Amino acid sequence: MYYIVGLGNPGIQYENTRHNAGFITIDYLARKYSIDVRKIKFKSLIGQGVISGQKVMLVKPQTYMNNSGEAIREIYKYFDFDHDKLIVIYDDIDIDFGSIRIRKKGSAGTHNGMKSIIYNLEFDDFPRIKVAVGKKPSYMDLANFVLSGFSKQEVKIIEEEVKFASDAIEMILEEGIEKTMSMFNSKRLVEDNE
């Protein structure tokens, strides 16, 4: 079983904000594979199904972003899975808009949700998919930016990124992370002049 976790904040006011790129991706996967992600367990909304021939659990932690690790720790303690069976999807403000980044492991960087997960699990060797959500304008503070919505033009791009992230998950499950990284980390969905 693979545990595919999208990070975000619960509640209608956060629904289509930049910080909820992980939730948005899980919702897309749930629709695509007819997986019902409404069961409340492990401080999360969860649903089980099959993607690319692999059993998966889709997870949306309901602890709010900064405490995401509490939910993931409960799942990990219960199922005790190999680290590489956890895939975390989250927003990233540092990569170019119109791209995603896949990593096998690594630090949390500046992302509080990832900091919480690594702190609670006490390991960082699990795959993650970063979804670009745009660069913060100099006049906005970070919290306001990540909790803001997307413009009409940005919505088109984020929708493509979410499809892209979904394709990457399918490939990880079918062919492994190395091949997926080489395929997806070099691709851009939009060019700078668009």
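Buried here means under 20% relative accessible area, exposed means over 50%, and partly exposed is in between, with a 1.4 Å probe and protein chains only.

A word on the model. This is a predicted model, so to speak plainly about cut-offs: local features need pLDDT of at least 70, side-chain atom pairs count only at pLDDT 80 or more, and totals for chains, interfaces and linings use all residues. Residues are numbered from 1 along each chain as its sequence is written, and side-chain values use heavy atoms, with hydrogens and water left out.

Back to Leu 58. The residue is found in strand 4. Helices (H or I, at least four residues) and strands (E, at least two) are DSSP runs, numbered from the N terminus. What does Leu 58 touch, not counting residues up to four places away in sequence? The list is Ile 4, Ile 26, Leu 29, Ala 30, Ile 35, Val 37, Leu 45, Ile 46, Gly 47 and Ile 51. Contact means heavy atoms within 4.5 Å. One distance as well: Leu 58 and Asp 36 are 22 residues apart in sequence, and their C-alpha atoms are 8.9 Å apart in space.

Strand 4 as a unit is mostly covered, with six of its eight residues buried.

Two strands pair if DSSP finds at least two bridges between them.

Take the partners of strand 4. Strand 1 and strand 4 (residues 54-61) run parallel, joined by four bridges. Tyr 2 has Val 56 in strand 4 as its bridge partner. Strand 3 and strand 4 run antiparallel, joined by eight bridges. There, Leu 45 stands opposite Lys 60. Strand 3 and strand 4 form a hairpin with two residues between them. In the turn, Ser 52 has a positive phi of about 50 degrees.

Stay in strand 3 for Ser 44. Is Ser 44 buried or exposed? Ser 44 counts as buried, because its relative accessibility is 0%. Its side chain reaches the backbone oxygen of Phe 42 at 3.0 Å. Leaving aside neighbours within four places in sequence, Ser 44 is in contact with Lys 39, Val 59, Lys 60, Pro 61, Gln 62, Ala 71 and Ile 75.

Helix 3 (residues 112-121) is mostly covered: seven of its ten residues are buried. They are Gly 113, Met 114, Ser 116, Ile 117, Ile 118, Asn 120 and Leu 121. What do the buried residues of helix 3 pack against? They pack against helix 2, strand 5 and strand 7 (128-132). Just after helix 3, Glu 122 takes a positive phi of about 65 degrees.

His 19 lies between strand 1 (2-6) and helix 1 (21-32). His 19 counts as buried, because its relative accessibility is 12%. Apart from residues up to four places away in sequence, His 19 touches Leu 7, Gly 8, Asn 9, Met 65, Asp 91, His 111, Val 146 and Leu 147.

Finally, the whole chain. There are six helices and seven strands. Along the sequence, the pattern reads β-α-β-β-β-α-β-β-α-β-α-α-α. Buried residues make up 53% of the 194 residues. Among contacts between residues at least 6 apart in sequence, 68% join residues at least 24 apart. The C-alpha atoms fill a box of roughly 45 × 30 × 30 Å, along the principal axes.

Notes: Polar contact = N/O pair within 3.5 Å; in protein donor to acceptor, adjacent residues only side chain to side chain.
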